[in-house]
Amino acid sequence: RVAPSPRMMENTVFMSFAFYSTILILKMYVVAIITGQVRLRKKAFANPEDALRNGGLQYYREDPDVERCRRRVRGRAGIAVPGLAVGS
């Protein structure tokens, strides 16, 4: 097992990148979980299989609150992925 280089852990730029990358990834996970909870609460599912499993095809629909959350996830991913790639 390879231990991290002590000099790398002393580099303030690397430590800042690691910290903010972790925050960014955690934020993406939290927003995705919130979107799932809103879908379940509003009973607005994205595909017929999920709708059938959770009550029937009448729940295969779009909801404004779910769409707002979904756009938030896509916006975060659109910013996070290039940001992580450029920073590494």
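Author: Helices (H or I, at least four residues) and strands (E, at least two) are DSSP runs, numbered from the N terminus. This is a predicted model: local features need pLDDT of at least 70, side-chain atom pairs count only at pLDDT 80 or more, and totals for chains, interfaces and linings use all residues. Residues are numbered from 1 along each chain as its sequence is written, and side-chain values use heavy atoms, with hydrogens and water left out.

Reader: What caps the N-terminal end of helix 2?

Author: N11 does; one of its side-chain oxygens lies 3.0 Å from the backbone nitrogen of V13.

Reader: And which residue caps helix 4 at its N-terminal end?

Author: D63, with a side-chain oxygen 3.0 Å from the backbone nitrogen of D65.

Reader: Which residues are buried in helix 2?

Author: S21, V31, T35, V38 and R39. Buried means under 20% relative accessible area, exposed over 50%, partly exposed in between (1.4 Å probe, protein chains only). Their cover includes helix 4 (64-87).

Reader: What about helix 4: which are buried there?

Author: V66, E67, C69 and A80. Helix 2 is among what covers them.

Reader: New topic. What follows helix 2?

Author: K43, with a positive phi near 50°. Most residues other than glycine have a negative phi. K43 sits in the loop between helix 2 and helix 3 (48-53).

Reader: Why does K43 count as partly exposed?

Author: Because its relative accessibility is 32%.

Methods. Contact = heavy atoms within 4.5 Å. Polar contact = N/O pair within 3.5 Å; in protein donor to acceptor, adjacent residues only side chain to side chain.
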